[in-house]
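Here is a short briefing on one structure.

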Amino acid sequence: MNNLRNLGSSRVTSILLVVNILVFAIMTLAGGSQNISNLVRFGAVVKDRIAYGEWWRLFTASFIHIGFMHILLNMYFLYQIGPVFEKLYGSRNFLIIYLLAGIMGNLLTFAFGSSSTVSAGASTSLYGLFGLAIGIMLNYKGDSMLSSFGASFLSVIAINIVYSLINPSIGLLGHLGGLLAGVILAGIFPVINRSLPTSTQVISASAYIILAILLVRIGLKTVV
C-alpha cells in the first residue's frame, strides 16, 4: 500500500511505467515482443543500424522489452525504487538521470557488443539508479543519512551483477554502462536540499560527455 501511495505522488515514475507497458502491448499486438524483426522495427539496439545513422535507438531501446518476464521484472524494480529516487532528485532531474543512464548503457553495448546482437530493456536505466545510489554514498560521505541510504543498495547491486554474469541472455554491457552512468550523474545532479561542489559537477559532466564520445568512436570503429 505504501508503494502505491508513493507511486501516486511520483509523476515521472508513473508515466514511465505506463509508457513501457503501452509499448510492450503495442509490440505484442504488432508481431510479438520476441520477434527479432519487430524488435528492430520498434527501436532496439542494433549496432550496424546505429552506426549508419539510427542514433535514436540509443534512446528508444530503453523502452522495449523482450518477452513478458523481461518487462515484468524491470517494471517491478521501477515500481519499487523509482519513487524513492524521484523524491530524492525531483521529477525533472529524475527523468533526465533515467534517460541519460539508459543512453549510456546502450552506448556501451554499441561500443563493445556484437553486431549480431539485438538488445533492449529498461534495465540500462534501472542500473543507472543503482549507480546513483553508489554516487550518493560517495558524494555525501558527511551526511550519515544519505551515505547509509546509498550503502543500503550495495548488496542488491552485487546480487544483480552476479546474476547478469551467470545468465548469458542478459545484456551485461548495458547494465554496466547504466551503472557507471548513475555514479557519474550523481556528481552532476544534487539531491534536493543538498548541494554539490561546482568542481565536482564540472568534472562529472565532462566525464559523461567524454565517455559518450569515446564509446561512439569505439562503436563506429568496430562495426563490421
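How much space lies in the largest pocket? About 750 Å³. This is a predicted model, in which local features need pLDDT of at least 70, side-chain atom pairs count only at pLDDT 80 or more, and totals for chains, interfaces and linings use all residues. Residues are numbered from 1 along each chain as its sequence is written, and side-chain values use heavy atoms, with hydrogens and water left out.

**Largest pocket**

- A pocket is an open set of points on a 1 Å grid over the protein atoms alone, with protein on both sides within 12 Å along at least five of seven lines; lining residues have an atom within 4 Å of a point.
- Grid points are joined across faces, edges and corners, and a volume is the space filled by probe spheres set on the points.
- The lining holds 31 residues, and His70, Ser123, Ile170, Gly171 and His175 lie nearest the centre.
- At least two lining residues come from each of H6 (68–89), H7, S2 (118–119), H8 (123–139), H10 (154–166) and H11 (172–185).
- Helices (H or I, at least four residues) and strands (E, at least two) are DSSP runs, numbered from the N terminus.
- By class, the pocket lining has 13 nonpolar, 18 polar and no charged residues.
- Ala, Val, Leu, Ile, Met, Phe, Trp, Tyr, Cys and Pro count as nonpolar, Asp, Glu, Lys and Arg as charged, and the others, Gly among them, as polar.

**Cavity**

- A cavity is a set of grid points where a 1.4 Å probe fits but cannot get out.
- H7 supplies the largest share, four residues.
- The cavity lining has six nonpolar, three polar and no charged residues.

**Helices H2 and H6**

- The two axes come within 9 Å and cross at roughly 170°.
- Axes are lines fitted to C-alpha atoms, for helices over the stretch in contact, and angles run from 0 to 180 degrees between N-to-C directions.
- H2 and H6 are therefore roughly antiparallel (angles over 145 degrees).
- Contact (heavy atoms within 4.5 Å) involves residues including Leu16 and Phe24 of H2 and Met75 and Tyr79 of H6.

**Val19**

- Val19 sits in H2 (residues 11–29).
- Val19 is partly exposed because its relative accessibility is 31%, between the 20% and 50% limits (1.4 Å probe, protein chains only).

Conventions
Parallel < 35°, antiparallel > 145°, perpendicular 65-115°, else oblique.
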